[in-house]
Number of protein chains: 2
Amino acid sequence: MSMDFGFDVISDAEYERQRALYGPLTESVRRLIDAGLHTEVDEDTVRDAQDKIDALTALLESKKRAVTSTLRHEATGRPLAWANPAVGLRNAIAPPMIIHHEDDGQCWSEFTLSGAYEGPPGWVHGGICALVLDHLLGEAASEGLTQPKFTGTISLRYLRGTPLGPLRAEAFVERSEGVKTFARGYLKDADGPTVEAEGVFIRPAWARDAG
Amino acid sequence: MSMDFGFDVISDAEYERQRALYGPLTESVRRLIDAGLHTEVDEDTVRDAQDKIDALTALLESKKRAVTSTLRHEATGRPLAWANPAVGLRNAIAPPMIIHHEDDGQCWSEFTLSGAYEGPPGWVHGGICALVLDHLLGEAASEGLTQPKFTGTISLRYLRGTPLGPLRAEAFVERSEGVKTFARGYLKDADGPTVEAEGVFIRPAWARDAG
């Protein structure tokens, strides 16, 4: 298990090129996930679609990037996290969340959760609320993932159901003590908070040794 | 926003037919998600793949099931939760987890988390650990989703990093007090627990009124 946080720096132009290319591809895979959830086409059509998906997978896998290093954006110094399951531009599992960092350290994101994130009928799965808030609190605690920080503990209080549809998440650092950073955040719909989160994020020992 | 937990009961034969048809389709979409994460094929090939994905989405969407009711398995009485983002056989976002229910109420699942669930390099995203444990504790608290229960609070303690690969999750009910059910669970790798979770699950008011 490598714990190497090696980075390849990419220029703004290359960043924009890849974003314009892979963003729409991933959006298409998201729509395919939704279509697969509810389709009732006949069995032969399902099997034919599956064969075609397998052929596309083989084509895309015919040339793959090495996954041993993370891309870092030259202009901002931030890792791209394009494979991340919460924010990844290239990960169809992610909504994705686009994270905004304010000068005072607060982070926020506005995004839409479709039926693919549903738990009880009409409501977001409680574990998806946890994924969203764990990620956003981690962004706040790690100054936009520029500092290596791992979740130590996180506690979530579900105030009411979170409806599918447009949502906003916010997080900020309350205080730091030694290797621990205490963060707090909220998931909100148009009527206010639906879930509140408190987390403690920890700088790992190997990063402490490195200074 | 419907809060109707209406169910369509399906027979064991129909359950098996749909499982055999849609399980492999969803597995193929999961492999496509992974392929899309890391592909470096040339731009024309990416755009051509995207067009073909869009065509498959349109085909699968040409006939869709109504999403106003949930399927319930006749033999077990349990809802299928095939669209669920943690356990859904038809949801490519889900690993999926297959949940085993013991006679004493304990639940467990063994599953594999691939690179699509990665946070820090080599490790499962903390929010994905939270998704997995929120779901499993909810299964234990709701007796296999046969009782309507919502997450009230959940607290997660990250003991160490959770490696990508084969994992096991376990959950059980510690006690119940009125409308509250207290559950506990663990995420484990081959060396033991990596994350511990405690949750309080609440029977909603509308279900209390219904008896």
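Which side chains meet in a salt bridge at 2.5 Å, N to O? They are those of B:Arg17 and A:Glu43. A salt bridge here is a side-chain nitrogen of Lys or Arg within 4 Å of a carboxyl oxygen of Asp or Glu. Between chain A and chain B the count is 4 salt bridges.

The model is predicted, so local features need pLDDT of at least 70 and side-chain atom pairs count only at pLDDT 80 or more, while totals for chains, interfaces and linings use all residues. Residues are numbered from 1 along each chain as its sequence is written, chains are lettered from A and ligands numbered from 1 in the order in which they are written, and side-chain values use heavy atoms, with hydrogens and water left out.

Chain A comprises 4 helices and 8 strands. Helices (H or I, at least four residues) and strands (E, at least two) are DSSP runs, numbered from the N terminus. The order along the sequence is β-α-α-β-β-β-α-β-β-β-β-α. The C-alpha trace of chain A spans about 60 × 45 × 30 Å along its principal axes.

The interface was examined next. In chain A, 77 residues are in contact (heavy atoms within 4.5 Å) with 77 residues of chain B. The two chains bury about 7,200 Å² between them. Of this area, 68% lies on carbon and sulfur atoms. Buried area is the accessible area (1.4 Å probe) that two parts lose on being put together, summed over both. A:His38, A:Leu60 and A:Ile93 supply 9% of what chain A buries against chain B, more than any other three residues.

Polar contacts also cross the interface. The rule finds 34 residue pairs in polar contact, both at pLDDT 80 or more. A polar contact is a pair of N or O atoms within 3.5 Å; within protein, one must be able to donate a hydrogen and the other to accept it, and residues adjacent in sequence count only if both atoms are side-chain atoms. On the side of chain A that touches chain B, the elements giving two or more residues are helix H1 (12–38), helix H2 (43–61), helix H3 (126–141) and strand S5 (150–158). The residues of that side divide into 39 nonpolar, 22 polar and 16 charged. Ala, Val, Leu, Ile, Met, Phe, Trp, Tyr, Cys and Pro count as nonpolar, Asp, Glu, Lys and Arg as charged, and the others, Gly among them, as polar.

Strand S5 of chain A pairs with strand S5 (residues 150–158) of chain B. The sense is antiparallel, over 5 bridges. Two strands pair if DSSP finds at least two bridges between them. A:Thr153 has B:Arg157 as its bridge partner.

Chain A can be laid on chain B with an RMSD of 0.0 Å, by a turn of 180° and a shift of 0.0 Å along the axis. The two copies are thus related as by a two-fold rotation axis. In chain A, the C-alpha nearest that axis belongs to A:Ser155, 2.0 Å away. Copies are superposed by least squares on the C-alpha atoms of residues with pLDDT of at least 70 in both.

Within chain B, strand S4 (residues 107–113) and strand S6 (residues 165–177) run antiparallel, joined by 7 bridges. B:Cys107 has B:Ala171 as its bridge partner. S6(B) is also joined to strand S7 (residues 180–189) by 9 bridges, again antiparallel. There B:Val173 stands opposite B:Ala183.
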